[in-house]
Amino acid sequence: MAALRTVTLSGPDDVAGWRDAARTLAAQGVAPGAVIWQTGESGDLFAAAPASIAIAEPSARLRVPRAFIDLAGAALLHRDPERFALLYAALCRLQAHPRLLDDEADPLIARIATMAKAVRRDIHKMRAFLRFRETHDDDGLRYIAWFEPEHHIVRANAGFFVDRFAAMRWSILTPELSLHWDGETVREGPGATRGDAPADDAIEAVWQTYYASIFNPARIKIGAMLKEMPKRYWKNMPETALVPSLIADAQARERRMIDTARTQRGGNAEAAWHALREEAAGCTRCPLYKNATQTVFGEGPTSAAMMLVGEQPGDQEDLAGRAFVGPAGQMLDRALADAGVDRAQAYVTNAVKHFKFERRGKRRIHSKPNAGEIEACRWWYEQERLVVKPQVTVALGATAARSVFGRPMTIGRERGAAHELPDGGTGWVTVHPSYLLRLPDKAKAAEEFERFVEDLRGAAALLRR
Ligand code: URA
């Protein structure tokens, strides 16, 4: 019988340690059954096992497809103690069956994929549901949050919070590990208990007011709520303290909404829009939610006659949670003003509701959404149309046009003309304002700006017919 090999990883989330060891073992042809994987969490179980293997240079012949690296990177953070062994078994099988990952019916691959999905969801939940509370220490303001993840995701999520809250001093306390950011470096500390984090502060009132205002009793589905916001998180979130009383009041509120809807045409649109936005906040229809700060939903009167559709939120929109507030938004505002269109009367949204970007150093560089992402997000755009029912929809640029018209368009050829839409509205296509920002030649930029204004005027003229 082959000797057992023991791999001791440095911790439950030691993905790099697993990768190095797994590559070495697989290159040496060590069978999955001959490896014992252990970490601090299971150390005593195999304390008498032989020492860790020496890490050798991995063989050039080893097959490690990119998709497997991504899958393993997530699944290895699952709390399942068998995760290291399962992933190693998959790596070994991949050597003989390079297309193994395509076989979704394979029980091992299916199990690993489920684990990876659970981890990604946990990562997302930490980003969405973690709440900082304001405290003061000797150096001034410090924000402290308590969070209980299901999997070993805290370290993997640190970069997100550092990027997002770079200017704040904060601590994230979890049962396994704590993170402390002082504006320059992250320090790790031991796990904590909920009692170590402050219970409430003035910010809670703001959360509570916000949550009460977006709460839509017509859509209460406990199952769905639990799915999006598992009960284990509720106790840590100030707004959820309101849920029981809101549920108790729900029937009366629902009746009032229905009455309003009956007596007033479009009276329920506001409530429907709030519910939609709330649902979109937890959207995972495509992978873009993983890196973005938040869903940037459309905004404006639900009775708007004109809908303006952009491509996707930019860096500033991603942080602010509002469409067209950055440089492209300012360009759009100028053009709308020149065209005599009141932005406050229009509904402004984007084809894709999450910011897609590539990181270059500290900068996040806009990256174009692909056809799959546009299609996945089109669902939200169509819901927005159902609520707003705009007379005229202006697609700003090619991505927006693809979503509005459901096909690729040549803007140069099709701009400035009315196109009928399947729901009876009128579509209109023009350039994206960021195209104007990119033009290096001043005279050309001024000329193109005038054409853009002219296009917006043309769209507005349709409203008056
Ligand atoms: N570009 C867009 O298309 N939309 C925004 O919201 C911002 C920039």
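Asp455 is part of helix α18, which covers residues 442-464. In this predicted model, Asp455 has a relative accessible area of 9% and therefore counts as buried, the cut-off being under 20%. Its side chain makes a polar contact with the side chain of Arg415, at 2.8 Å.

Which residues does Asp455 contact, leaving aside its neighbours within four places in sequence? They are Arg415, Gly416, Trp428, Val429 and Thr430.

## The five-stranded sheet

Strand β14 belongs to an open sheet of 5 strands, ordered β9-β8-β12-β14-β13, in which the pairing is mixed. Which strands stand at the edges? They are β9 (347-350) and β13 (419-420); each has a single partner strand, so one side of each has no neighbour in the sheet.

One of the bridge pairs links Val392 with Thr426 in β14.

## Two residues with positive phi

Most residues other than glycine have a negative phi. Two residues that depart from this pattern can be described here. Lys389 is not a glycine, yet has a positive phi of about 50°. Lys389 sits in the loop that connects α14 (371-388) to β12. Is Lys389 buried or exposed? With a relative accessible area of 62%, Lys389 is exposed, because the cut-off for that class is over 50%.

Phe324 also has a positive phi of about 50° without being a glycine. Phe324 lies in the loop between α12 (315-320) and α13 (327-339). Phe324 has a relative accessible area of 5%, which places it among the buried residues.

## Helix α4

Helix α4 runs over residues 107-129 and contains 23 residues. From first C-alpha to last, α4 reaches 32 Å, close to the 33 Å expected at 1.5 Å a residue. At the start of α4, a side-chain oxygen of Asp106 comes to within 2.9 Å of the backbone nitrogen of Leu108.

Strand β4 (residues 140-146) is mostly covered, with 5 of its 7 residues buried. On one hand, β4 is joined by 5 bridges to β3 (residues 133-137), and these two strands run antiparallel. Strands β3 and β4 form a hairpin with 2 residues between them. His136 has Leu141 of β4 as its bridge partner.

On the other hand, β4 runs parallel to β5 (residues 170-173), with 4 bridges joining the two. The bridge partner of Trp146 in β5 is Leu173. Together with helix α5 (residues 154-164), β4 and β5 make a β-α-β unit, which is right-handed.

## The β6-β7 hairpin

Strands β6 (residues 177-181) and β7 (residues 186-190) pair in the antiparallel sense over 5 bridges. His180 has Arg187 in β7 as its bridge partner. The hairpin has 4 residues between its strands, and Gly183 takes a positive phi near 100° in it.

## Whole chain and confidence

The protein has 18 helices and 14 strands. Of its 465 residues, 49% count as buried. Among the contacts with a separation of 6 or more, 71% are between residues 24 or more positions apart.

The mean pLDDT of the protein is 84, and 80% of the residues reach 70 or more. Over residues 205-222 the pLDDT is below 50, and this stretch has 38 contacts in the model beyond near neighbours in sequence. How many contacts beyond four places in sequence does the model have for residues 261-267? It has 3, and the pLDDT stays under 50 over residues 261-267.

Methods
Residues are numbered from 1 along each chain as its sequence is written. Side-chain values use heavy atoms; hydrogens and water are left out. The expected span of a helix is 1.5 Å times one less than its number of residues. A polar contact is a pair of N or O atoms within 3.5 Å; within protein, one must be able to donate a hydrogen and the other to accept it, and residues adjacent in sequence count only if both atoms are side-chain atoms. Buried means under 20% relative accessible area, exposed over 50%, partly exposed in between (1.4 Å probe, protein chains only). Two strands pair if DSSP finds at least two bridges between them. A crossover is right-handed if, with the strands pointing away from the viewer, the path from the first strand over the helix to the second runs clockwise. pLDDT is the predictor's confidence in each residue, from 0 to 100. Contact means heavy atoms within 4.5 Å.
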